[in-house]
Amino acid sequence: MGTAADFWQMQVFDGPAPETINGRMSMLGVLVGLIGEWTTGLGLLQQTADHPLIVFGSFLLISFASYAPIARGYTRKEPYANHNLGFNWTPKAENWNGRVAMLGFAGMVLTEWITGVNTLQAWGLQSTNFPGL
């Protein structure tokens, strides 16, 4: 465990906070976005426009939960692992999952912007005649 960091040290380009928060938000965004597309037929942009307080609240909750251990001195570089359910949960694995999720989220937004339909519809996994639209 490192020394306690101040807010601005956490925010530097290669600091622990930006990638952690953006990765966690992207993982949540991809999962919830795809579930929302599957159940409602609405794309990410429309889901966000319909529920801005939920999106903002999620950002605040994940940000505060991510800042707390960093402020106490955890740098996410420690060689710790959590072996719950037989999985090896590490900061490195979370960072890579977050990076892939950031690319996936950007891909979902670009797909929706270019095609005009949600990601599932663009890939032919959902009918464009979605009931309820």
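Student: At what angle do α2 and α4 pack, and how far apart are their axes?

Tutor: In general, a packed helix pair is described by the angle between the axes and the distance between them. Here α2 and α4 pack at about 140°, with axes 10 Å apart. Axes are lines fitted to C-alpha atoms, for helices over the stretch in contact, and angles run from 0 to 180 degrees between N-to-C directions. That makes α2 oblique to α4; under 35 degrees counts as roughly parallel, over 145 as roughly antiparallel, 65 to 115 as roughly perpendicular, and the rest as oblique. Keep in mind that this is a predicted model, where local features need pLDDT of at least 70, side-chain atom pairs count only at pLDDT 80 or more, and totals for chains, interfaces and linings use all residues. Numbering starts from 1 along each chain as its sequence is written, and side-chain values use heavy atoms, leaving out hydrogens and water.

Student: Which residues make up the largest nonpolar core?

Tutor: In soluble globular proteins, nonpolar side chains tend to be buried together. This core has 7 residues: M10, A17, I21, M25, I62, Y67 and I70. Both α2 (16-40) and α4 (52-71) give two or more of them. Helices are DSSP runs (H or I, at least four residues), numbered from the N terminus. A core joins buried Ala, Val, Leu, Ile, Met, Phe, Trp, Tyr and Cys through side-chain atoms within 4.5 Å.

Terms used:
Buried means under 20% relative accessible area, exposed over 50%, partly exposed in between (1.4 Å probe, protein chains only).
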